[in-house]
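The following exercises ask the reader to work through a structure step by step, with a solution after each task. Please consult the sequence and the coordinates while working.

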Amino acid sequence: MAKGEPLLVLDHVTMKFGGLVAVDDFTNEVREGEILGLIGPNGAGKTTVFNVVTGIYYPTSGRIIFDGIDITPLKPHQITHLGIARTFQNIRLFQDMTVLENVMVAQHHSISNPDGDRILKMNGKKPKMNGKFWFWRSVLKLGYMDMEKKMREEALNLLEKVGLASLAYEKASALPYGQQRKLEIARALATEPKIILLDEPAAGMNPKETEELMDFIKRIRDEFDLTVFLIEHDMKVVMGICERIIVMDYGRIISEGTAKEVQNDPKVIEAYLGKEWEVI
């Protein structure tokens, strides 16, 4: 797929919870290789968009197309196999496991069915698996030691690339907050994604950590040939690294464009940035 071509398409996606419309007719696309920001007030529906894309919620209506495949009916693990990874607002590391083990956990999909599944080339159909084969392979640990060695090597290589190799054998709970965020992103990278969804990655960070995060996101986009779709309230992050920004309010898209275009949009100023925002 060429740079700039649509990689993820949300086509008239609506998500209702009873009488509450959390996402209302959301239609947009994420383009190959870009860093796209999704902003809006609390309760605007941003995280619900991520939850629909990653299969946590099944949309009330509409479709989600990823790399030419309709992923709307798929389960989260199937969507991960296809190449979509995400992080969450609240850090969800395995705190009692080491940094290395946290990354290795994310590689499980590559050994659970190594012959089958990378996956679903046929419009979302589930891959066929020989259940007895995998049961006995697991019980007898056939090839397990070799696979674990390979996983460890790949995980250490990934930690080296993201600057966490020196902390590989530290408990995740011992890491400073900024490093925990970086580890969470590294764990998502271990699934070998084409696109990574970051839900408020700068939340709780001090200014120095935020600066480092901005550089880190741009670096992994380039080094891992990724597309990045992020939700963020820190406008310094959004305006500093996002090449395009979508603004939501009450479940609907109210604006889209570059940082300068969004900053100058009266609807955005009124709904989110505030009238005191300094237009540039």
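**Exercise 1. Aromatic pairs**

Task: State how many aromatic pairs the structure holds, and classify the pair formed by Phe17 and Tyr57.

Solution. This is a predicted model. Step 1: the structure holds two aromatic pairs. Step 2: for Phe17 and Tyr57, the ring centres are 5.1 Å apart and the planes stand at 75°. Step 3: ring centres within 6.5 Å count as a pair, and planes over 60 degrees apart count as edge-to-face. The pair of Phe17 and Tyr57 is therefore edge-to-face. Phe17 belongs to strand E1, whereas Tyr57 lies in the loop between H1 and E4, and the two are 40 residues apart, so that the pair links distant parts of the chain.

**Exercise 2. The partners of strand E1**

Task: Determine which strands pair with E1 and in what sense.

Solution. Step 1: E1 (residues 6–17) pairs with E2 (residues 20–31) in the antiparallel sense, over eight bridges. Within this pairing, Val9 has Glu29 of E2 as its bridge partner. Step 2: examine the hairpin of E1 and E2. Two residues lie between the strands, and Gly18 has a positive phi near 65°. Step 3: E1 is also joined to E4 (residues 61–66) by five bridges, and these strands run antiparallel. Here Asp11 has Arg63 of E4 as its bridge partner. The phi of His12 is positive, near 55°, although the residue is not a glycine. With a relative accessible area of 43%, His12 is partly exposed.

**Exercise 3. Burial of helix H1**

Task: Decide whether helix H1 is mostly covered or mostly exposed.

Solution. Step 1: H1 spans residues 46–53, and seven of its eight residues are buried. Step 2: the buried residues are Lys46, Thr48, Val49, Phe50, Asn51, Val52 and Val53. Step 4: after H1 comes Gly55, with a positive phi near 85°.

**Exercise 4. Charges over rings**

Solution. Step 1: Arg92 lies over the face of Phe88, 4.0 Å from the ring centre. Step 2: the charged end of Lys182 is placed over the ring of Phe216, 5.1 Å from its centre.

**Exercise 5. The largest pocket**

Task: Describe the volume and lining of the largest pocket.

Solution. Step 1: the pocket holds about 560 Å³ of space. Step 2: it is lined by 22 residues, of which Thr80, Arg86, Phe88, Arg187 and Thr191 are the closest to its centre. Step 3: helix H2 (76–82), E6, helix H4 (108–112) and helix H7 (177–189) each give two or more residues to the lining. Among the elements, H2 gives the most, with five residues.

**Exercise 6. A contact across the sequence**

Task: Locate Met97 and state how far it lies from Lys171 in sequence and in space.

Solution. Step 1: Met97 is in the loop between E6 and helix H3 (99–105). Step 2: Met97 and Lys171 are 74 residues apart in sequence, yet 5.5 Å apart in space, C-alpha to C-alpha. Step 3: Met97 has 23% relative accessibility and therefore counts as partly exposed.

Terms used:
Residues are numbered from 1 along each chain as its sequence is written. This is a predicted model: local features need pLDDT of at least 70, side-chain atom pairs count only at pLDDT 80 or more; totals for chains, interfaces and linings use all residues. Side-chain values use heavy atoms; hydrogens and water are left out. Buried means under 20% relative accessible area, exposed over 50%, partly exposed in between (1.4 Å probe, protein chains only). Helices (H or I, at least four residues) and strands (E, at least two) are DSSP runs, numbered from the N terminus. Two strands pair if DSSP finds at least two bridges between them. Rings of Phe, Tyr and Trp (its six-membered ring) pair if their centres lie within 6.5 Å; planes under 30 degrees apart count as stacked, over 60 as edge-to-face and the rest as tilted. A charge sits over a ring if NZ of Lys or CZ of Arg is within 6 Å of the ring centre and within 35 degrees of the ring normal. On a 1 Å grid over the protein atoms alone, a cavity is a set of points where a 1.4 Å probe fits but cannot get out, and a pocket is an open set with protein on both sides within 12 Å along at least five of seven lines; lining residues have an atom within 4 Å of a point. Grid points are joined across faces, edges and corners, and a volume is the space filled by probe spheres set on the points.
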